[in-house]
Amino acid sequence: MSDEEDLDDLEPEQDDLEKEDDKDTEEWEDYKKEGEDLSEDWLPTPLTEEMVKEGLSMLCKTGNGLAHAYVKLDLKDKDLTDISLLCSYIHLRYVDISENHLTDLAPLNNLTHLLWLKADGNQLRSAQLNELPYLQIASFAYNQITDTEGISHPRLASLDLKGNRIQVVTGLDPEKLKSLHTLELRGNQLYTTMGINLPKLKKLFLAQNMLKKVEGLESLSDLTTLHLRDNHIETLSGFTKEMQSLQYLNLRGNSITSLRELAKLRELPKLRALVLLENPCTDETDYRQEALVQMPHLERLDKEFYEEEERAEADEIRQRMKEEQEQEPQPEHDLEPDQPST
């Protein structure tokens, strides 16, 4: 496999997104509980040649095709505090250093052939690395990262930063991240969606943050999936016709009180699946019907597909509303004040 080849896309199908979301919610809660029990005191444990030897696998040809090297390294859960030794393993393409106690990823800057990196469950405060020309998948989940600066890998397709301490997205340059299609920011401390100006993005996961509204996503014309579960969203302003590819929107567990807000989603021409469970508005009478009246192209609300009978009834209501609107008398223009007779 050459450095330029794409890795397999293992993202779940749209129909399975609710199941994946439930699973990830439970995983995040478990991780928080586990983290509370962990002591921050640990002995210095530098990476050794013996550990590397045990973790290496996948013998492949090197760049010139004349030699061979192991390109995969698994160092998961070794209590490591220092990976300086990795500087000399320049042929590595797949590296798993998750579940350690690492605070510094600088030794990875030498791994210019890296395709896949997993650094979950460490003590990282930053995901910053030098530009790695072939890196396609990177995961820094469940660390202590506070910002999104220093991420500029031109072939990066999937970036996972869930379970960190990020409050606002900054530094993600669309000119440098032209290949990024999946961004995972679930379980952070985001209070705004500003800063996610990535026109090539297709899947965006923002569940379990502190968001009250959607803003600054107008440029995401290729976005098909948007997860906003378990935030504090009260209004559906911020969705625009420029978001022309959005098909799946998860707003479960927010604070939307009025069904009138649904009218703001009519701007989304391709929206097919909407999740609104655990919002106050779902307690209103004829909730499912009202959603379909407002969005005739909707195929599924929450976890249930619409039946033909529901569609027919919504069509009738929509037609009746149109006729009533047409029959309403037009407001008369204010008359000019009486002119004095001549």
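I am working on a predicted model, where local features need pLDDT of at least 70, side-chain atom pairs count only at pLDDT 80 or more, and totals for chains, interfaces and linings use all residues. Residues are numbered from 1 along each chain as its sequence is written, and side-chain values use heavy atoms, with hydrogens and water left out.

**Cores**

I asked for nonpolar cores, meaning sets of buried Ala, Val, Leu, Ile, Met, Phe, Trp, Tyr and Cys residues joined through side-chain atoms within 4.5 Å. The largest one holds 75 residues, and Phe-140, Leu-226 and Phe-239 have the most contacts inside it. Helix 3 (287-294) and helix 4 (308-327) are the elements that give two or more residues to this core. Helix 3 gives the most, with four residues. I take helices (H or I, at least four residues) and strands (E, at least two) as DSSP runs, numbered from the N terminus.

I then picked Leu-226 and listed its contacts (heavy atoms within 4.5 Å). Skipping neighbours within four places in sequence, Leu-226 touches Leu-204, Leu-206, Leu-217, Phe-239, Met-243, Leu-246, Tyr-248, Leu-249 and Asn-250.

**Helix 3**

Why do I call helix 3 largely enclosed by the rest of the structure? Because six of its eight residues are buried. The buried ones are Tyr-287, Arg-288, Ala-291, Leu-292, Val-293 and Gln-294. Their cover includes strand 12 (300-301), strand 13 (304-305) and helix 4.

**Cysteines**

I searched the whole structure for disulfides (cysteine sulfur atoms paired within 2.5 Å). The search came back with zero. Cys-281 is also worth a note, as its relative accessible area is 0%, so I file it as buried.

**Salt bridges**

My rule was a side-chain nitrogen of Lys or Arg within 4 Å of a carboxyl oxygen of Asp or Glu. How many salt bridges does this give? The count is 10.

- Lys-213 and Glu-215 are paired at 3.9 Å; Lys-213 is partly exposed at 42%, and Glu-215 is partly exposed at 23%.
- Arg-229 and Asp-230 are paired at 3.4 Å; Arg-229 is buried at 8%, whereas Asp-230 is partly exposed at 24%.
- Glu-261 and Lys-264 are paired at 2.9 Å; Glu-261 is buried at 15%, whereas Lys-264 is partly exposed at 29%.

**Asp-104**

Where does Asp-104 lie? I found Asp-104 in the loop between strand 3 (94-96) and strand 4 (116-118). Its relative accessible area is 44%, so Asp-104 goes down as partly exposed. Leaving out neighbours within four places in sequence, Asp-104 is in contact with Ile-83 and Leu-124. I also checked Thr-81, which is 23 residues away along the chain; its C-alpha is 8.6 Å from that of Asp-104. Last entry: a polar atom of the Asp-104 side chain sits 2.9 Å from the backbone nitrogen of Ala-106.

Methods: Buried means under 20% relative accessible area, exposed over 50%, partly exposed in between (1.4 Å probe, protein chains only). A polar contact is a pair of N or O atoms within 3.5 Å; within protein, one must be able to donate a hydrogen and the other to accept it, and residues adjacent in sequence count only if both atoms are side-chain atoms.
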